[in-house]
Amino acid sequence: MDRELIENEAEQILLESSHALLTPKPGECLVCYVDRQFAEFGCDNTHRFAMAYRDHAAPRATALLQRLSVLGACCCDCEMFMNAFHPASRLWTGGYWQPGSDGYDTWVDAEPPARMPPCAGVRRGSVQPCANWDAAR
Ligand SMILES: [Zn+2]
Ligand SMILES: [Zn+2]
């Protein structure tokens, strides 16, 4: 077998497996979906996950990228988490004063959840985040 053929085949397998991973789960929201893909593939400075979500789950959301850009995510998917959506406040830990045994309170920093819970679900065709996310502004 020549080398090029082998490489093409490997590429094909890669494409097929990433295609399987890129399919949103039934009822999964845009933001949980993109969050899940990041853990796997990271950001490539495009909206590839948002676009994949749209293609699979919300083909009629043609203005999705404009909408994301209004929310502060103009250029790539990870900006969705920096600028547009944060884990819902009920999922954070800390952010309060803890009474200490010495009589002094210590501040416990607010921390986002290390792992997001499973998607709370959205109706099919929606590009809204589920209840696990708050809009940042
Ligand atoms: Zn990015
Ligand atoms: Zn969700």
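Is C130 buried or exposed at 4% relative accessibility? Keep that question in mind during this tour, which reaches C130 at the second stop.

**Before you start**

The structure is a predicted model, in which local features need pLDDT of at least 70, side-chain atom pairs count only at pLDDT 80 or more, and totals for chains, interfaces and linings use all residues. Residues are numbered from 1 along each chain as its sequence is written, chains are lettered from A and ligands numbered from 1 in the order in which they are written, and side-chain values use heavy atoms, with hydrogens and water left out.

**Stop 1: the whole chain**

Show the chain as a cartoon, and you can find five helices and four strands, where helices (H or I, at least four residues) and strands (E, at least two) are DSSP runs numbered from the N terminus. If you colour by accessibility, 31% of the 137 residues count as buried; here buried means under 20% relative accessible area, exposed means over 50%, and partly exposed lies in between, with a 1.4 Å probe and protein chains only.

**Stop 2: the zinc ion, ligand 2**

Select the zinc ion (ligand 2) together with C29, C32, C119 and C130, whose SG atoms coordinate the ion at 2.2 to 2.3 Å. Donors are N, O and S atoms within 2.8 Å of the metal (3.2 Å for Na, K and Ca), and since water is not among the atoms, sites may look incomplete. The four donor atoms of the zinc ion (ligand 2) make angles of 107 to 112 degrees, and the site is tetrahedral, a label given to four donors if all angles lie between 85 and 135 degrees. For comparison, the ideal angle for four tetrahedral donors is 109.5 degrees.

Along the sequence, the donor residues of the zinc ion (ligand 2) have the spacing C-x2-C-x86-C-x10-C. C29 counts as buried at 0% relative accessibility, and the opening question is settled here, as C130 counts as buried at 4%.

**Stop 3: the zinc ion, ligand 1**

Move to the zinc ion (ligand 1) and display C43, C76 and C78, whose SG atoms are its protein donors and lie 2.2 Å from it. The spacing of these donors along the chain is C-x32-C-x1-C. Here too a pair joins distant parts of the chain, with C43 in the loop between α2 and α3 and C76 in the loop between α4 (64-70) and α5 (79-84), 33 residues apart. C43 is partly exposed, at a relative accessible area of 31%, whereas C76 is buried at 8%.

**Stop 4: helices α2 and α3**

Two packed helices are described by the angle between their axes and the distance between the axes. Select α2 and helix α3 (residues 48-57), which pack at an angle of about 130 degrees with their axes 9 Å apart; axes are lines fitted to C-alpha atoms, for helices over the stretch in contact, and angles run from 0 to 180 degrees between N-to-C directions. The two helices α2 and α3 are therefore oblique to each other, because angles under 35 degrees count as roughly parallel, over 145 as roughly antiparallel, 65 to 115 as roughly perpendicular, and the rest as oblique.

While helix α3 is selected, pick out H56, which has its place there and is partly exposed with a relative accessible area of 30%. The C-alpha atoms of H56 and P24 are 7.0 Å apart in space, although the two residues are 32 apart in sequence.

**Stop 5: the salt bridges**

A salt bridge is a side-chain nitrogen of Lys or Arg within 4 Å of a carboxyl oxygen of Asp or Glu, and by this rule there are three salt bridges to find. Show the side chains of E28 and R36, which meet at 2.7 Å, N to O; E28 is buried at 6%, and R36 is partly exposed at 27%. Next, show R48 and D44, joined at 3.4 Å, N to O, where R48 is partly exposed at 31% and D44 is partly exposed at 34%. Finally, show R54 and D55, whose side chains meet at 3.7 Å, N to O, with R54 buried at 17%.

Terms used: Four donors count as tetrahedral if all angles lie between 85 and 135 degrees; four count as square planar and six as octahedral if opposite donors are over 155 degrees apart and all others between 65 and 115; anything else is irregular.
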